[in-house]
Amino acid sequence: NTYTALVCLLILDDDLARVDRESIGRALQSWQLADGSFCCIKGLSEQDSEQDIRFVYCAAVICYLLDLWEFVNVETMESFILRSQSYDRGFGMYPGAESH
């Protein structure tokens, strides 16, 4: 998991200078789905791979840490997050899901 690897490197006081930002950016781009969410396994259909707010969170953290915002569609990502907000102002795993 890219998110976990980057966080571990930061905990170990790495400056992330050796990270291949371009490759990670292209991977994020390929994992983003039309609704703004991100799948966890590339190559499977949208029905065969989990896609929910956890992966949006991981993608956002990766973009923040490596400044890769130009690789993702931030507008659809934001829309997915906002559509996942429930009537009680909590967030579900995906639009229409129970909030926690």
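Just after helix 3, Asp67 has a positive phi of about 55°. The model is predicted.

Me: Why are helix 1 and helix 3 called oblique to each other?
Reply: Take the angle. The axes of helix 1 (residues 2-11) and helix 3 (residues 53-66) cross at roughly 40°. Angles under 35 degrees count as roughly parallel, and 65 to 115 as roughly perpendicular. Helix 1 and helix 3 are therefore oblique. Their axes come within 9 Å, and the crossing is left-handed.

Me: Which residues make the contact of helix 1 with helix 3?
Reply: Helix 1 brings Thr2, Tyr3, Leu6 and Leu10. They meet Tyr57, Cys58, Val61, Ile62, Leu65 and Leu66 in helix 3. By class, that contact has nine nonpolar residues, one polar and no charged.

Me: What makes Asp52 count as buried?
Reply: Its relative accessibility is 6%. Buried means under 20%, so Asp52 counts as buried. Asp52 sits in the loop between helix 2 (21-31) and helix 3. Leaving out residues up to four places away in sequence, Asp52 touches Phe38, Phe80 and Met93.

Me: How do you know that the span of helix 3 agrees with what it should be?
Reply: Helix 3 has 14 residues. At 1.5 Å a residue, they should span 20 Å. The end C-alpha atoms are 20 Å apart, so the two agree.

Me: What covers the buried residues of helix 3?
Reply: The cover includes helix 1, helix 2 and helix 4 (74-83). Among the buried residues of helix 3 are Ile53, Phe55, Val56 and Cys63.

How values were computed. Residues are numbered from 1 along each chain as its sequence is written. This is a predicted model: local features need pLDDT of at least 70, side-chain atom pairs count only at pLDDT 80 or more; totals for chains, interfaces and linings use all residues. Side-chain values use heavy atoms; hydrogens and water are left out. Axes are lines fitted to C-alpha atoms, for helices over the stretch in contact, and angles run from 0 to 180 degrees between N-to-C directions. Helices (H or I, at least four residues) and strands (E, at least two) are DSSP runs, numbered from the N terminus. Angles under 35 degrees count as roughly parallel, over 145 as roughly antiparallel, 65 to 115 as roughly perpendicular and the rest as oblique. A crossing is left-handed if the near helix is turned anticlockwise from the far one by less than a right angle, and right-handed if clockwise. Contact means heavy atoms within 4.5 Å. Ala, Val, Leu, Ile, Met, Phe, Trp, Tyr, Cys and Pro count as nonpolar, Asp, Glu, Lys and Arg as charged, and the others, Gly among them, as polar. Buried means under 20% relative accessible area, exposed over 50%, partly exposed in between (1.4 Å probe, protein chains only). The expected span of a helix is 1.5 Å times one less than its number of residues.
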